[in-house]
Amino acid sequence: MEKFVRLTAIACPLPIANVDTDQIMPARYLKLPRSPELGRVLLNDLRRDADGNEKPDFPLNQPVWRDAKILVAGRNFGGGSSREAAVYALYEAGFRCVIAPSFGDIFAQNAVKNGFLAAVVAEADAAELGALIAADPDMPVTVDLEQQAITRGNRSFAFTIDPISRNQLLNGWDDVDLTESHRDHIAAFKAADRERRPWAQPALK
Amino acid sequence: MSNPQTLFDKLWSTHEIARREDGAALLWVDRHYVHEGSFLSFTQIQDRGRAVAEPELTFGIADHYVPTRARQRGIADPTIAAMVTTLEANAANNRISLFGLGDPRQGIVHVVGPEQGLTLPGLLVVCGDSHTSTHGAFGAYAFGIGASEVAHVLMTQTLWQKKPKRMRITVSGKTAAGIGAKDIALSVIAQIHADGARGHAVEFTGTAISALSMEGRMTLCNMSIEAGGRCGMVAPDAVTFSYLKDRPFAPKGAAFDRAVEAWSQLVSDRDATFDREVTLDGGAIAPVVTWGTTPDDASPIDSAVPDPARETDPVRAKYLRDALVYMGITPGQKLTDIAIDRIFIGSCTNSRIEDLRAAAAVLAGRKSKVPGLISPGSSIVKRQAEDEGLDRIFRDAGLEWVESGCSMCVGVNGDLVPPGERCASTTNRNFRGRQGQGSRTHLMSPAMVAAAAVCGHLADVRPLLAGREV
């Protein structure tokens with residue numbers, strides 16, 4: 001898995017609360033395999049009108065934020081459906097980090113599995129950071145996972161992330177490889193568990 | 001003496017295989033459900049050249065993309081047809097049992113799993129679908145996961161997890177006639193908000209919860225994800241055991257009796273402590289509808305659309321203005337003055353036999369003023385409803401009775417609410433565009449959807465039930 005340690009990039013504000021995964025990745029695109037096409041449909045129905053034309057005032061459509069790698073969003077980003085394609089869409093569109101006051105649990109989990117940082121900041125800090133980048137979009141933002149700090153010019157904000165996700169991102173750990181190292185534990189658990197909970201097996205084959 | 005434990009603590013420790021220094025635990029997975037959307041995970045395991053570790057613990061179910069009409073004619077859209085056939089191929093190639101499109105047991109994964117006795121108390125149940133929380137109704141630890149985690153389960157039958165915090169939601173007293181589990185769920189969400197249970201395993205308890213049938217408990221636990229919960233659960237009891245007896249995949253005979261003995265231990269100890277406690281008075285719960293674009297925009301039917309001008313928080317005020325524009329409703333408008341264009345009864349939230357009976361009790365002998373679709377939660381529920389004559393009541397009311405699937409809850413099979421149209425729906429999400437681009441969704445119970453159908457606008461079901469048997 002790709003590591004995430006430190007990122008300096010243009011940050012795009014998206015000051016909307018409850019941007020659920022149906023908004024990030026509308027259901028009608030869920031048939032698509034993982035490909036760059038997913039980046040093009042990111043936030044499609046907020047970003048484009050019914051005829052498919054870009055809404056010029058939507059932040060992601062503004063030239064200054066076309067190359068943004070960081071998104072500064074509102075509370076409860078990525079709630080709702082478990083669709084990991086929401087993370088793929090952000091990733092394919094070039095993003096590597098979302099900063100928000102809170103995230104849907106499943107979205108945050110999916111992000112880590114893709115080397116993507118979901119950084120939690122205080123509500124007031126998200127609003128201040130969003131306002132700063134809106135006022136001067138060209139100034140890059142640095143997100144440092146080791147320090148758990150977001151820096152823009154001489155302004156700095158702390159962010160939180162659970163230690164497990166931080167560890168995995170910093171080390172680029174692959175879950176399956178980690179699990180393999182516990183192969184003996186799993187076999188022992190399985191044997192003991194069948195004795196302990198015989199009813200847990202499906203009765204029909 | 002060991003420390004008093006919550007139900008969730010007991011479920012967690014039973015499944016813990018190993019724990020890392022940073023606190024992440026490797027957990028054993030007892031049941032894994034896959035559906036058409038799981039194709040990304042099968043691609044991942046193929047790319048790694050890996051096999052499915054425990055194929056007899058994974059079950060495939062075709063639900064998201066299946067047609068609800070004219071099944072014998074096949075699926076016209078080749079991209080939708082490919083979703084169903086890809087699931088069939090992935091199941092066959094990996095020796096996974098499949099409840100496919102033609103199977104008489106086919107239905108929505110969160111209806112079929114319990115109906116077949118695959119979901120049991122004490123199990124750890126996962127699926128690449130956020131509404132997997134439904135299965136917590138049996139006292140299982142059940143949660144939705146993403147495609148990478150689905151692939152991990154397929155390859156190892158385990159998952160790395162961080163232990164969630166524990167929340168107890170107590171609904172005391174007795175709910176009034178005409179109040180369903182959906183009204184309880186929406187009332188909880190309105191109180192704690194759409195992210196109120198974030199990071200928590202929720203246990204529902206109290207007299208109003210114990211009084212619920214398994215169908216009602218499934219509706220409640222299903223909606224715990226709409227409060228942001230990692231999972232929701234109800235401790236198993238006699239209602240649970242009686243539901244499970246003689247289900248095809250549940251233990252039988254003496255093995256069942258021994259299982260019931262073990263399952264009876266799955267309760268929170270008397271002195272167990274929770275990280276957060278929430279209480280509601282069940283007797284105060286009225287029929288609830290949503291008016292906005294998140295499930296916490298929910299209010300009793302006898303109230304009005306909120307006025308953004310009276311909101312002191314500017315962020316909330318802007319949200320409200322945008323939501324009301326999207327929904328096409330005006331500040332201060334009475335909820336019962338909101339006219340609807342169509343109804344939908346179905347989805348993993350409210351499509352079980354009890355839900356259909358509740359809708360039929362209102363619709364019997366009446367006509368719907370709007371068109372609508374009723375999709376039972378499984379093919380078995382469909383046959384049972386037909387045996388009880390419920391399909392006749394729906395058809396006589398002018399509504400369409402179709403096959404089982406996720407249908408108009410997510411619309412990926414083509415069952416969509418047209419742009420700008422307003423739907424009274426028994427589903428779980430009123431997100432923008434959830435039922436189709438530009439669709440406007442009002443969430444409510446099956447009885448309340450039936451009332452909206454009969455009236456042509458959002459309506460209080462209680463007067464319509466006067467003199468009727470419910």
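Mentor: Gladly. This is a predicted model. Helix α12 (residues 353-363) of chain B and helix α15 (residues 446-455) of chain B have axes that come within 8 Å and cross at roughly 30°.

Trainee: What makes α12(B) roughly parallel to α15(B)?

Mentor: Angles under 35 degrees count as roughly parallel. The axes cross at roughly 30°, so α12(B) is roughly parallel to α15(B). The crossing of α12(B) past α15(B) is right-handed.

Trainee: Which residues make the contact?

Mentor: From α12(B) there are Asp355(B), Ala358(B), Ala359(B), Val362(B) and Leu363(B). From α15(B) come Pro446(B), Ala447(B), Val449(B), Ala450(B), Ala451(B), Ala453(B) and Val454(B). By class, the residues of this contact are eleven nonpolar, no polar and one charged.

Trainee: On to the whole chain. Why is chain B called as compact as a globular protein of its length?

Mentor: The globule rule gives 23 Å for 470 residues, and the radius of gyration of chain B is 22 Å. The two values are close, so chain B is as compact as a globular protein of that length. Its C-alpha trace spans about 55 × 55 × 45 Å along the principal axes, and its secondary structure comes to 15 helices and 19 strands.

Trainee: Now a sheet in chain A. What makes β1 and β8 of chain A edge strands?

Mentor: The sheet is open, with four strands in the order β1-β6-β7-β8 (chain A) and antiparallel pairing. β1 (6-9) and β8 (155-158) of chain A each pair on one side only, and that makes them the edge strands. On average, neighbouring strands of this sheet are turned by 15° against each other, direction ignored.

Trainee: How do you know that β7 and β8 of chain A pair?

Mentor: Pairing needs at least two bridges between two strands. Strand β7 (residues 149-152) of chain A has four bridges with β8(A), in the antiparallel sense, so the pair meets the requirement of at least two. One bridge joins Ile150(A) to its partner Phe157(A) in β8(A).

Trainee: Last, the contact between the chains. How many residues does each chain give?

Mentor: Chain B gives 61 residues and chain A gives 47 residues. On the side of chain B that touches chain A, elements giving two or more residues include β1 (16-19), α3 (78-93) and α11 (314-327) of chain B. The largest share of that side, six residues, comes from α5(B). The residues of that side divide into 28 nonpolar, 19 polar and 14 charged.

Key
Residues numbered from 1 in each chain as written. Chains lettered and ligands numbered in written order. Predicted model: local features only at pLDDT ≥ 70, side-chain atom pairs only at ≥ 80, totals over all residues. Contact = placed C-beta atoms within 7 Å. Nonpolar A, V, L, I, M, F, W, Y, C, P; charged D, E, K, R; others polar. Axes fitted to C-alpha atoms, helices over the stretch in contact; angles between N-to-C directions. Parallel < 35°, antiparallel > 145°, perpendicular 65-115°, else oblique. Left-handed = near helix turned anticlockwise from the far one by under 90°. Rg over C-alpha atoms; globule rule 2.2 N^0.38 Å.
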